[in-house]
Amino acid sequence: MPTSLELQIKTLPNLPGVYQYFDKEDVIIYVGKAKNLKKRVSSYFTKTHENGKTRILVKKIVRIEHVVVDTETDALLLENNLIKKYKPRYNVLLKDDKSYPWICIKKERFPRVFSTRRVIKDGSEYFGPYTNMKTVHALLGLIKELYPLRTCTYDLSQQKIDADKYKVCLEYHLGNCKGPCEGYQHEDNYQDEIRAIRSIIKGNFKESLEKLQNIMLDFASQMKFEEAQKIKDKLASLQNYQAKSTIVNPSINNVDVFSIISDDTHGYANFFKVMNGSIVQSYTTEIKKKLEETDKQLLELFIVETRNRFNSLSREVYVPFKVNLGESIKVTIPKLGDKKRIVDLSERNAKYYRMEQFKQIKIVDPERHVKRIMSQMQKDLRLHEEPRHIECFDNSNIQGTHPVAACVVFKDGKPSKKEYRHYNIKTVEGPDDFASMEEVVFRRYKRLLEEKEPLPQLIVIDGGKGQLSSALKSLDVLGLRGKIAIIGIAKRLEEIYYPGDSIPLYLDKKSESLKIIQFLRNEAHRFGITFHRNKRSKSAIQSELEQIPDIGNQTITNLLRKFKSAKRVKEATFDELKEIVGLSRAQKIHKFYQKEKE
């Protein structure tokens, strides 16, 4: 570490704040926050970083600047603002160029209610932004159905209405507007409807439901059943919309819910806004990791950025684990009940989003998809390198007859069928799976070494500890133990065994790593059993022809090459047989089958 940097680090304060790293071009390459600036910055230069990008970052640091703040909340906000301003190369940047839709209640006499993507500071009320235009359309459709409002852009001042400047339009005749332009609707009545609409947009349906219920009962008591039925239809629409949006206990009000799941390269974060038990906003995004960011760091950044973007003033957030957001925001980590269910739902949304992203990546960026799966397998199976080349072995025999083995090869998680190999067991007598496995593994890798072909990063043995030990004997003889990772998979509970470890590993049943290993194992079994069946069938055919006196193996081969089966040989005419094997042998075959018929 250069002397100037060492001095800078030694003089850093033990206080909360934000630090900035500059490169030799005096460009900010990283911005970070810390509870203790001195400890955090020192850790970059004193510990060994596994992540290659972090090592490169540290090498490029030439100068450090810092800002001391009062609280962690201030540090979070300042870090977020600096990242957005300078866009440092090594920082996770939560940016989204999309302009999201808002619902606007226009500041005017007889306000209009409409959707917009532009927020103009003219005193109008804006609700949102919404991440899904379908939600906006559904909400505006509900509002239009419940409360007929004007859609025209006229200046409905009292003077112009009194002067009969305007005439009602088609919307009035269709029942979509009550005609305030001609004074058919009073302003107080219109403002009452705007207040109800404001409550509905905020997720508070209770007031509107009670009001409509009372109006319906009033109409019914006055025998105005048609009007009562219209209000009942509106009530049904409002209750239906509320039923679709209510997820948790209605007592949960004005809360932000956040969750995150991640893999080696990306995080997937979800946000819910809950009002009166209803999810009124939802947002999910992908965050690309730049260094060694933890889920906690990513979630803290996502919370600050998202609350800022969506103008959230909620004083409480629900999260799956502890995060530091300062003293002004209450952080709740639910353990059970409705609160826990809403956090679980948020995590489920993040997982579904991740799956959708994987499907898209598989199509548009297959190399990234392969890299992710290989990286996950390396992590799940505790390997030293990505298993880009995997080979799997399986034995097949029935009561010791026709013992065979199969080797299947996967490249980048997919079958490479041209490299599959069958093996006839040569040195083993009787049904001995362990000895058969030892022979096949030895033959396979002895040949690859002799031909200087690339060796796999992982060998999978179909079987438990016994088969794995047998395969290891061959690797020992060839000097390959420790150079190639090897595991065994037992069928019963899908246990994965490692050399020298009696306790198996159990992977999550839904994990992609396990699915690839199962695919390998099933493919090896299918390939081996097919070869085994073909060999048995061929043997059965040959055994029948071998019963014919004075007929040798070459004659049997010639007959099968022509007629394909013993049955067709039996049905062949004397002339057809004579053409293939000659007069003398044709007479013997014909005579043999004539005797069978007698």
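Just after helix α14, Lys452 takes a positive phi of about 55°, where helices (H or I, at least four residues) and strands (E, at least two) are DSSP runs numbered from the N terminus. The model is predicted, so that local features need pLDDT of at least 70 and side-chain atom pairs count only at pLDDT 80 or more, while totals for chains, interfaces and linings use all residues. Residues are numbered from 1 along each chain as its sequence is written, and side-chain values use heavy atoms, with hydrogens and water left out.

- Helix α14 (residues 433–450) has 18 residues, which at 1.5 Å a residue should span 26 Å, and its end C-alpha atoms are 26 Å apart, in agreement; the expected span is 1.5 Å times one less than the number of residues.
- In α14, the residues Ser436, Met437, Glu439, Val440, Val441, Arg444, Tyr445 and Leu448 are buried, a word that stands for under 20% relative accessible area, whereas exposed stands for over 50% and partly exposed for what lies in between (1.4 Å probe, protein chains only).
- Helix α9 (residues 206–221) has 16 residues and should span 22 Å at 1.5 Å a residue, and its end C-alpha atoms, at 23 Å apart, agree with this.
- Buried in α9 are Ser208, Leu209, Leu212 and Met216.
- Seen down the axis of α9, these buried residues fall within an arc of 95°, so they line one face of the helix; the arc is that of the directions from the helix axis to the C-beta atoms.
- An α-helix has 3.6 residues a turn, so residues three or four places apart point the same way.
- Turned away from the buried side of α9 is a face that carries the exposed residues Lys206 and Ser221.

**Loop residues**

- Met223 lies in the loop between α9 and α10 (225–245), has a phi near 65°, which is a positive value in a residue other than glycine, and is exposed, with a relative accessible area of 60%.
- Asp412, in the loop between β13 and β14 (414–415), likewise is a residue other than glycine with a positive phi, near 55°, and counts as partly exposed at 32% relative accessibility.
- Lys483 lies in the loop between α15 (465–478) and β17 (485–490) and is exposed, with a relative accessible area of 62%.
- Although Lys483 and Leu455 are 28 residues apart in sequence, they are 9.3 Å apart in space, C-alpha to C-alpha.

**Aromatic rings**

- The structure holds 14 aromatic pairs, counted when rings of Phe, Tyr and Trp (its six-membered ring) have centres within 6.5 Å, with planes under 30 degrees apart called stacked, over 60 edge-to-face and the rest tilted.
- Phe258 and Phe271 form a stacked pair, because their ring centres are 5.1 Å apart and their planes stand at 25°.
- Phe258 lies in strand β7 (residues 255–262) and Phe271 in strand β8 (residues 266–275), so this pair ties together parts that are 13 residues apart in sequence.
- Phe258 is buried, with a relative accessible area of 0%, and Phe271 counts as buried at 1%.
- Phe410 and Phe519 form an edge-to-face pair, at 5.1 Å centre to centre and with 75° between the planes.
- This pair links distant parts of the chain, 109 residues apart, with Phe410 in strand β13 (residues 401–411) and Phe519 in helix α16 (residues 512–545).
- Phe410 is buried, with a relative accessible area of 0%, whereas Phe519 is partly exposed, at 39%.
- Tyr19, Tyr21, Tyr30 and Tyr44 are linked into a cluster by ring pairs.

**Charges over rings**

- Arg63 lies over the face of Phe22, at 3.9 Å from the ring centre; for such a contact, NZ of Lys or CZ of Arg is within 6 Å of the ring centre and within 35 degrees of the ring normal.
- The charged end of Arg382 sits over the ring of Tyr498, 4.5 Å from its centre.

- The largest pocket is lined by 31 residues, of which Arg354, Phe358, Lys510, Ser511 and Glu512 lie nearest its centre; on a 1 Å grid over the protein atoms alone, a pocket is an open set of points with protein on both sides within 12 Å along at least five of seven lines, a cavity is a set where a 1.4 Å probe fits but cannot get out, and lining residues have an atom within 4 Å of a point.
- Helix α12 gives the most to this lining, with eight residues.
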